[in-house]
Amino acid sequence: MSQLKTLNLLYDRDADGEFIHFYTPTIGGLFLEMVQRTGTYDGYGAANAPVRLAAQRRQLRPLR
């Protein structure tokens, strides 16, 4: 887990597998999500959605 944190990777898992992902910086409202699934994980990392949304919102805000 410490290596995932160091690399700024998001992580989720269920009984069937794991989900590791990260997002590119947002440019003009566009970002890409890079995903690695192991096992038969078929979720979408929903537990991380509030973190992603907050980070993307903050990134789009002009600096004061």
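Visitor: Does Ile 27 count as buried or exposed?
Guide: This is a predicted model, in which local features need pLDDT of at least 70 and side-chain atom pairs count only at pLDDT 80 or more, while totals for chains, interfaces and linings use all residues. Residues are numbered from 1 along each chain as its sequence is written, and side-chain values use heavy atoms, with hydrogens and water left out. Buried means under 20% relative accessible area, exposed over 50%, and partly exposed in between (1.4 Å probe, protein chains only). Ile 27 has 66% relative accessibility, and therefore counts as exposed.

Visitor: What pattern does the protein follow when read along the sequence?
Guide: Helices (H or I, at least four residues) and strands (E, at least two) are DSSP runs, numbered from the N terminus. The protein has two helices and three strands. Read along the sequence, their pattern is α-β-β-β-α.

Visitor: What share of the residues of the protein counts as buried?
Guide: The C-alpha atoms fill a box of roughly 45 × 25 × 15 Å, taken along the principal axes. The protein has 64 residues, and the share of them that counts as buried is 22%.

Visitor: How much space lies in the largest pocket?
Guide: On a 1 Å grid over the protein atoms alone, a pocket is an open set of points where a 1.4 Å probe fits, with protein on both sides within 12 Å along at least five of seven lines. Grid points are joined across faces, edges and corners, and a volume is the space filled by probe spheres set on the points. For the largest pocket, this space is about 220 Å³.

Visitor: Which element gives the most to the lining of the largest pocket?
Guide: Lining residues have an atom within 4 Å of a point, and among them here are Asn 8, Leu 10, Thr 24, Arg 52 and Gln 59. Strand S2 (17–23) and helix H2 (49–60) each supply at least two residues of this lining. With five residues, the element that gives the most is H2.

Visitor: How many charged residues are in the lining of the largest pocket?
Guide: Ala, Val, Leu, Ile, Met, Phe, Trp, Tyr, Cys and Pro count as nonpolar, Asp, Glu, Lys and Arg as charged, and the others, Gly among them, as polar. The lining divides into six nonpolar residues, five polar ones, and, in the charged class, one.

Visitor: Asn 8 also lines the pocket; what is its phi near?
Guide: Asn 8 lies in the loop between helix H1 (2–6) and S1, and it counts as exposed because its relative accessibility is 65%. Its phi is positive, in a residue other than glycine, and lies near 60 degrees.

Visitor: How far apart are the C-alpha atoms of Thr 24 and Met 34?
Guide: Thr 24, another of the lining residues, lies in the loop between S2 and strand S3 (33–39). It is partly exposed, because its relative accessible area is 25%. Thr 24 and Met 34 are 10 residues apart along the chain, and their C-alpha atoms are separated by 7.9 Å.

Visitor: Which side chain of opposite charge is nearest to Asp 12?
Guide: Asp 12 is found in strand S1 (residues 10–14). Lys and Arg count as positive and Asp and Glu as negative, while His and the chain ends are not counted; a salt bridge is a side-chain nitrogen of Lys or Arg within 4 Å of a carboxyl oxygen of Asp or Glu. Asp 12 is buried yet has no salt bridge, and at 7.2 Å the nearest side chain of opposite charge is that of Arg 13.

Visitor: With which side chain does that of His 21 make a polar contact?
Guide: A polar contact is a pair of N or O atoms within 3.5 Å; within protein, one must be able to donate a hydrogen and the other to accept it, and residues adjacent in sequence count only if both atoms are side-chain atoms. His 21 is in strand S2 and counts as buried because its relative accessibility is 1%. At 2.8 Å, the side chain of His 21 makes a polar contact with that of Glu 33.
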